[in-house]
Amino acid sequence: MAAQVAVIDRSEAADWDEALWQQPEANLYAARSWGTYKSRLGWSVRRVALCDNGEDLAYIQYQERRSGPLRRILVQGGPVLTLRGQSRAEAVLAAFLDHLALRPVDVLAVKSYRPQDPEGVTALLAHAFVPVIGGKDHTIELDLTPGPDAILAAADRRWRREVKKAEGQPDLTAVFLTDRDERLRAYDTFVRMYAALQQRKGFSGDLDTAAYRDLAASDPHLLFLEIREGGEPILVRIVHTARERWTDFFTASNERARATGAASFAVWRIIEHARQEGARRFDFGGVDPAGNRGVFDFKRALSRNVIQGGPTWIYARNALVRRARPVSAPDLTAGVEGPGAPPPRRRGFSRAASRAGCRRRPTCSSSARLGRSNWPPPRPCALRFGGRRHGRGTARSGRGGCRGRARRSAGTCRGCSAPRSRRGCPRAARSWRRCRRPCPAHRDPCCAGRPWP
């Protein structure tokens with residue numbers, strides 16, 4: 001069946017976006033502008049159409065990057081299937097895999113950022129793709145089919161109060177920007193506010209704002225909304241628009257936005273505009289209640305419909321590689337922002353400690369006494385663990401020293417000195433040498449604690 005589906009390279013086709021956006025599942029990540037942005041980041045981007053007897057079945061934009069012998073391929077936005085292609089999803093995917101000609105060490109990742117149709121999920125499972133699901137693969141969705149009054153009535157009282165507060169201020173205005181020069185100016189304002197927000201809250205983003213500047217301003221499927229107070233911008237919101245689904249992409253504001261209720265006012269104006277344009281769903285662009293509770297509560301005040309936006313599907317010919325990829329699957333989406341993007345690495349943690357499932361122990365200080373004041377540590381200790389040298393120098397072996405495990409008598413986490421519960425290490429291994437699960441108080445991927453009584 002796969003032989004009947006032809007793969008046609010349309011990387012240079014001028015009508016790629018025109019054909020793509022006619023499909024109900026078209027999205028920003030499959031568009032030419034996003035491919036141009038990723039190519040500026042060092043990815044090799046190709047676009048192909050899968051056809052049968054001259055009729056298009058799917059459109060796929062895929063990115064490729066090589067690291068030594070490893071070839072990484074990323075399909076953002078998932079295969080965009082046509083109405084006829086939905087019934088032939090398995091044949092489409094088989095033809096695409098034949099086109100890639102993957103080697104045993106190559107890895108393919110497919111990320112859709114939206115709920116997938118049953119035919120697409122069946123095709124991925126039939127070809128031995130492995131789903132990798134994380135907390136950031138969930139979002140809040142709002143149904144836009146009811147009227148504005150019904151949507152507002154179903155929201156929390158505080159949300160309605162914030163909207164009415166903003167609407168009652170004559171100096172507060174919402175402006176949708178269409179002129180390219182105005183969008184460039186608004187984008188520069190967004191970059192300044194976003195940088196200040198990163199510095200204030202201590203997080204890092206993966207969006208290269210300089211590389212995406214001209215592309216964002218020229219993209220007709222990105223909606224720019226600016227909230228102004230007395231003519232001065234206090235909030236900029238960028239939304240990805242599709243035929244039936246609008247997705248919150250990026251937003252940044254200053255301190256005046258909080259005082260005036262500009263955030264709720266901006267979302268409400270976008271919802272009204274989306275209903276006028278015929279959209280049926282509004283996607284808040286991901287939630288992280290564990291890492292950013294304030295933003296989660298803001299989104300949940302309007303809708304409590306938390307859904308799974310779609311996992312990252314990993315494929316490799318080698319079974320060992322398939323089993324290993326769920327550990328490092330976020331590496332494939334480096335440089336990705338927006339819905340389903342991997343969570344930013346917080347300051348104050350080492351890179352080893354921020355990578356879930358790391359099979360190495362976090363390094364410790366030369367004094368081998370770890371506390372919150374000296375984490376992450378300045379340099380590694382010397383720890384022979386499992387017959388392998390773990391660092392350089394020497395480490396203490398007495399009470400409180402670096403022994404590759406937590407002190408049983410004190411009951412503390414080796415990484416942060418936080419007290420353990422009486423239940424001890426969650427999912428503790430039978431042997432302390434194999435315990436690599438996080439402790440309940442800290443993001444330490446290798447706690448190395450004994451099973452507690």
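Predicted model: local features only at pLDDT ≥ 70, side-chain atom pairs only at ≥ 80, totals over all residues.
The chain comprises 13 helices and 17 strands. Of its 453 residues, 49% count as buried. When contacts between residues at least 6 apart in sequence are considered, 70% of them join residues at least 24 apart.

Helix α7 covers residues 180–201. At 1.5 Å a residue, its 22 residues should span 32 Å, and the end C-alpha atoms, 31 Å apart, agree with this expectation. The N-terminal end of α7 is capped by Asp179, a side-chain oxygen of which lies 3.1 Å from the backbone nitrogen of Asp181. Beyond the other end, the helix is followed by Gly202, which has a positive phi near 70°. Buried positions in α7 comprise Arg183, Leu184, Ala186, Tyr187, Thr189, Phe190, Met193, Tyr194, Leu197 and Gln198. In an α-helix there are 3.6 residues a turn, so residues three or four places apart point the same way. The packing partners of the buried α7 residues are the strands β9 (172–177), β10 (222–229), β11 (232–241) and β12, together with helix α8 (209–218).

Positive phi values also occur in residues other than glycine, including Asn53 and Tyr113. Asn53, with phi near 55°, is located in the loop between β2 (44–52) and β3 (55–67). The relative accessible area of Asn53 is 74%, over the 50% cut-off, and the residue is therefore classed as exposed. Tyr113, with phi near 65°, belongs to the loop that lies between β6 (107–111) and α4 (118–126). In contrast to the exposed Asn53, Tyr113 is buried. Its relative accessible area of 8% falls under the 20% cut-off, which is why Tyr113 receives this class.

The second largest pocket has a volume of about 460 Å³. It is lined by 21 residues, of which Pro24, Glu25, Arg114, Pro115 and Arg245 are the closest to the pocket centre. Two elements, β12 (245–253) and β13 (281–283), each give two or more residues to this lining. By class, the lining of the second largest pocket consists of nine charged, seven nonpolar and five polar residues.

Terms used: Residues numbered from 1 in each chain as written. Heavy atoms only, no water. 1 Å grid on protein atoms, 1.4 Å probe; cavity = no way out; pocket = protein on both sides within 12 Å on 5 of 7 lines; lining within 4 Å. Points joined across faces, edges and corners; volume = space filled by probe spheres on them. Helix = DSSP H or I, 4+ residues; strand = E, 2+ residues; numbered from the N terminus. Nonpolar A, V, L, I, M, F, W, Y, C, P; charged D, E, K, R; others polar. Expected span 1.5 Å × (residues − 1). Buried < 20%, exposed > 50% of the residue type's maximum accessible area, 1.4 Å probe, protein only. Contact = heavy atoms within 4.5 Å. Polar contact = N/O pair within 3.5 Å; in protein donor to acceptor, adjacent residues only side chain to side chain.
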